[in-house]
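Subject: Structure handover and findings

Hello,

Here is the structure we discussed, followed by notes on what was found in it. Please read the notes with the model open.

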Amino acid sequence: MNNKASIEFVNIHKAYQQNVVLENLNLTVAPGEHVVMIGPSGSGKSTILRLLMTLENPDSGEILIEGESIWRTTRDGRTVDAPAAHVRKMRSKVGMVFQHFNLFPHLRVLQNITEAPVRVMGMSRAEAVRRATDLLDRVGLADKSEAWPAELSGGQKQRVAIARALALQPRIMLFDEITSALDPEIAGQVLHLVLELATQTEMTMLFVTHQMRFARQIADRVLFFDKGRIIENGIPEQVLEHPQQPRTREFLNNILQAS
Amino acid sequence: MKWNWPFAWHILPVILRGMVITIEATVLGMLLALILGLIWAMLLILPNRWLFWSTRGLTEFIRDTPLLIQLFFCYYVLPEIGITVPALLTGITVLGINYSAYTSEVYRAGLQNIPRGQWDAARALNFTAAQTFIRIILPQALPPIVPAMGNNLIAMFKDTPLLSTITVMEMLNRAMIIGDKTFRYLEPLTIVGILFLIISLLASALIGFTQRRILVRR
Amino acid sequence: MLHMLPMMLRGTVVTGEVTAGAIVVASVAASCAVAMRLSTLAALDWPARVYIELFRGTSALIQLFWAFYALPLVLPFRPSPMIAAIAVLGLNGGAYGAEILRGAILSVPRGQHDAATALNLSSAAKMFRVVLPQTWPLILPPMANLFIDMLKNSALAGLVQVTDITFNAQILQESTLRNAQVYGVALVIYFIMALVLAGFMRLLERWMKFPIGARV
């Protein structure tokens, strides 16, 4: 591991109209670290992932990946807006799995996975197919390569989505409530797959989840978000079992009672 | 040739008189289309296969052939079988029949959106079939289809210039007569175009407004 | 009855030509208009809006007469009736087609755009590989209706000297006075042409089909 941070948020501010989602946020994630973000909905945790994936721009502040800003670059000693090519280069370091899968309905499972490696990385089709087949095998769906997304169950869709994101070999993976749309039993299978993945790779991983058991198992660090701020930040035992803030205690109690 | 304002102002009243006929044809044609379309829609939901397929075939044929030829056919053939009526009446009838094929589809969609349970509940309360249809089903089916009917109305309005081909003195016919007489087609045809544009845009805005009102109410 | 068939068939070929030409013009016009409408530049958006409203807000016959009688007085040359008819009917259909296409593109869920961005697809790849292919099942049925409307609208070309079915039917009617036969045959020919066109569009629909679930 090098000692450069994998991800840095510096003084990030983000609002939708009047609604402030992230307020003066600072966050550093080490390479290979697994960080779980919890908190009530609307507290800004998903926005962190969307900002990192460049699905949205911050209103102010800097986001750095491996020491390099996503949106800004220096030219002739001055900081300027980065060209699109730079943003695409930075984006290639990040992969994302979505709550609602977002598979492409018009492409078969295998094409869903090969599309980006062929179009974005310029990989040969044969090579892309070979690797996609490996990935499908790894997520336990080797027999589904010619299926249409609509023919898969929710859990299968999410596993394809994971394979699709992995196909671009990102160094950072973002998981945005990936089991919220699934039945509890199916969710367990998908989370098991992610746990396996986490032990096998050195990717930096960020999770937004409501599954506390999974958080404890996978997290190096847990962040508790409330109203656009990180109000608790520590190892899972500390945040989940001995929270310092009353707001965290209240949230965890509610979750426990619900499950 | 340049646009001649005095000429344009001079012919405007003549064309506007044609608009009365245009609107008359649209309103009466739509009225006929609304009545006939409802009849077709009712025949389509009755459990009679023969009625279903003949109604289906008729509306399909009407929708798949040009209104212009339908107009010519009726205009020339009706007198042959002894029916002599003013051209305007022929035009209104053909417009109404033509658009009934479209309004019947709108009615059908509206009727299909009424849940099965409404028919069941009416049956459970021992309403007659006619009572069920008139007092329970139609009142629910009609409001949501108002915008679609409005769109048909605008479409019919824009089809009325075709009546000029069977000698009806609506706007386009007047404009062409002026053009033939003066060899100035630019002003009359442009005026007719602008008048159509204004009315269509106003009507579209009105439909958009109604649609929002209906959405809010639900 | 039989002696009128050759003339009607010649008219059928011309009707087919006018319709096919107009469909090509409409496809190009609709694609350009939608590209302009989706642009963030007002200088591109507004001309496209004006085009769409102008052609949808007036009637095809008025547009055709205007192009045939008024436009040549302003233009330095007189386009042939066939060209004028194809251009006007095509632009007319294109305005309706643009609304169909735009609605379909806008209905592709935001998650699809997110996923394409997350996979680092270029904006061209996003449009042509992800968004547009998904719109096919949505636009084909209304497009089939539009093409049939355009076939029917092509009859108007007969009123401006294009020798299509309508034009030839009028000549036959005047010379033979067999009104019911002439226009009856014309109606049947148009009906058959519409059925063929609809059948072709249904084939295309089946070919372009992919299963779509509530959430994929």
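In which helix of chain A do Glu127(A) and Arg130(A) both lie, and how many residues apart are they? They both lie in helix H4 (residues 125-138), three residues apart, which is about one turn of the helix. Helices here are DSSP runs of H or I with at least four residues, strands are runs of E with at least two, and both are numbered from the N terminus.

Two notes on conventions come before the rest. This is a predicted model, in which local features need pLDDT of at least 70 and side-chain atom pairs count only at pLDDT 80 or more, while totals for chains, interfaces and linings use all residues. Residues are numbered from 1 along each chain as its sequence is written, chains are lettered from A and ligands numbered from 1 in the order in which they are written, and side-chain values use heavy atoms, with hydrogens and water left out.

Salt bridges

Over all chains, the structure holds 28 salt bridges (a side-chain nitrogen of Lys or Arg within 4 Å of a carboxyl oxygen of Asp or Glu). Side chains of opposite charge can pair when their charged atoms come close.

The pair in the opening question is one of them: the closest N and O atoms of Glu127(A) and Arg130(A) are 3.3 Å apart. Glu127(A) is partly exposed because its relative accessibility is 28%, and Arg130(A) is partly exposed at 47%. The classes are buried for under 20% relative accessible area, exposed for over 50% and partly exposed in between, with a 1.4 Å probe and protein chains only.

In chain B, Glu60(B) and Arg56(B) form a salt bridge at 3.9 Å, N to O. Both lie in helix H2 of chain B, four residues apart, again about one turn of the helix. Glu60(B) has 27% relative accessibility and counts as partly exposed; Arg56(B), at 22%, is also partly exposed.

Glu187(B) and Arg184(B) form a salt bridge at 2.6 Å, N to O. Glu187(B) is buried, with a relative accessible area of 0%, and Arg184(B) counts as buried at 17%. Salt bridges with shared partners also link Arg56(B), Glu60(B), Arg63(B), Glu105(B) and Arg108(B) into one network.

Chain B

Chain B has eight helices and zero strands. Its C-alpha atoms fill a box of roughly 70 × 50 × 25 Å along the principal axes. Of its 218 residues, 45% count as buried. The accessible surface of chain B is about 11,400 Å², 69% of it belonging to carbon and sulfur atoms (Shrake-Rupley method, 1.4 Å probe; for residues, only the protein chains shown count as cover). Among contacts in chain B (heavy atoms within 4.5 Å) between residues at least 6 apart in sequence, 79% join residues at least 24 apart.

Chains B and C

Two pairs of chains touch, and the pair with the most contacts is B and C. Chain A and chain B have no contact; their closest C-alpha atoms lie 24 Å apart.

Between B and C, 34 residues of chain B are in contact with 35 residues of chain C. The two chains bury about 3,100 Å² between them, 77% of it on carbon and sulfur atoms (accessible area, 1.4 Å probe, that two parts lose on being put together, summed over both). Asp64(B), Ile69(B) and Lys158(B) supply 18% of the area that chain B buries against chain C, more than any other three residues.

Chains C and A

This contact takes 22 residues from chain C and 29 residues from chain A. About 2,500 Å² is buried between the two chains, with 63% on carbon and sulfur atoms. On the chain C side, Leu119(C), Asn120(C) and Val216(C) lose the most area to chain A, together 29% of what that side buries.

Three salt bridges are found across the interface of chain C and chain A. Arg129(C) and Glu115(A) form a salt bridge at 2.6 Å, N to O. Helix H5 (110-118) and helix H6 (123-153) of chain C each supply at least two residues of the side that touches chain A. H5(C) gives the most to that side, with eight residues.

Regards
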